[in-house]
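Colleague: Please take me through one stretch of this model up close, a loop and the helices around it. I'd like one connected account, with cut-offs spelled out as you go.

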Amino acid sequence: ALGAWGVPALVLSRFAAAKRVGIGLPVALPLAGETRIVPAAAFAYAVTVFASDCYAELYGRRAATRLVNVAFLMNFVLLGLVWSTILAPGADPGFAGQFRAVLGAGTNVVAGSLIAYLLSQNWDVLVFHRLAALTDGALLWFRNVGSTATSQAVDTVVFVTVAFGVAPALLGVGEALPRPVLVQLIVGQYLLKLAIALLDTPVVYVVVAALRDDESPESVPTEAV
């Protein structure tokens, strides 16, 4: 069930990452201004973090880490299938160009998202279970917010820096964004993810309670924390 939520969200985030969304704010924030600029993938990607936290709570660190790393490898399967479809001869050249424009995410975005995913999701699982050990399996809200807040900081900084700062210059796929724009993207995306982490905590409680069965541990597994 958790994979049914997380995997489609992860897939969608790969295609949505290239689009930037402007969210108006009632007041101006330092470095973010009055409009919060975020990659559209932030909304879908937040679901993957939510799913991994629920999975970690139910099945433990080893199982959650395995799920994260398998999902990372499946990204390459996804990319292979997408690009084999894009490169296949098309009967309608005009539509083929549009198809490629929609599904062919920029190389810089793919590189940034893959690196950020591997680092941040493994960090999320590690911190989640460190906090579980620290609190003897209590305070689910604390480890959910704590792990998500720190892992999303890692994800945001790595993704934006690599996808829009480093990769364009190294790979020759366009120009790197100016540093002030990179900072605005990082701040805007992180604040959005932090807000989602706070709002989804009650949902984590509901989902964990609904999915916990006789085979699931009564408290958070703390093996190898």
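Modeller: Let's start with Leu 139, which counts as partly exposed because its relative accessibility is 42% (buried is under 20% relative accessible area, exposed is over 50%, and partly exposed is in between, with a 1.4 Å probe and protein chains only). Bear in mind that this is a predicted model, where local features need pLDDT of at least 70, side-chain atom pairs count only at pLDDT 80 or more, and totals for chains, interfaces and linings use all residues. Residues are numbered from 1 along each chain as its sequence is written, and side-chain values use heavy atoms, with hydrogens and water left out.

Leu 139 sits in the loop between H5 and H6 (helices are DSSP runs of H or I with at least four residues, strands are runs of E with at least two, and both are numbered from the N terminus). Its phi is near 60°, a positive value in a residue other than glycine. Asp 136, in the loop between H5 and helix H6 (140-171), also isn't a glycine and has a positive phi of about 55°. For background, most residues other than glycine have a negative phi. Asp 136 counts as exposed because its relative accessible area is 70%.

Leu 139 also belongs to a nonpolar surface patch with Leu 134, Trp 141, Phe 142 and Tyr 205, and together they have about 510 Å² of accessible area. A patch here takes residues with over 30% relative accessible area and no salt bridge, joining nonpolar side chains (Val, Leu, Ile, Met, Phe, Trp, Tyr) within 5 Å and like charges within 9 Å. The areas come from the Shrake-Rupley method with a 1.4 Å probe, and for residues only the protein chains shown count as cover. Leu 134 is in helix H5 and counts as exposed, at 64% relative accessibility.

Now to Arg 143, in helix H6. A search of the whole structure turns up 1 salt bridge (a side-chain nitrogen of Lys or Arg within 4 Å of a carboxyl oxygen of Asp or Glu). Arg 143 makes it with Glu 57, and the closest N and O atoms are 3.0 Å apart. That pair ties together distant parts of the chain, since Glu 57 is in helix H2, 86 residues apart from Arg 143. Arg 143 counts as buried because its relative accessibility is 1%, and Glu 57 is buried too, with a relative accessible area of 4%.

Glu 57 leads us to Val 208: leaving aside neighbours within four places in sequence, Val 208 is in contact with Glu 57, Cys 54 and Leu 58 (contact means heavy atoms within 4.5 Å). Val 208 and Cys 54, along with Phe 50, Tyr 117 and Val 204, touch the most other members of the largest nonpolar core, which has 19 residues. Helix H2 (41-59), helix H3 (61-87), helix H5 (107-134) and H7 each give at least two residues to this core, with H2 providing the largest share, 6 residues. By core I mean buried Ala, Val, Leu, Ile, Met, Phe, Trp, Tyr and Cys residues joined through side-chain atoms within 4.5 Å.

One more from helix H5 is Gln 121, buried with a relative accessible area of 1%. Not counting residues up to four places away in sequence, Gln 121 touches Tyr 45, Thr 48, Val 49, Ser 52, Val 68 and Ala 116.
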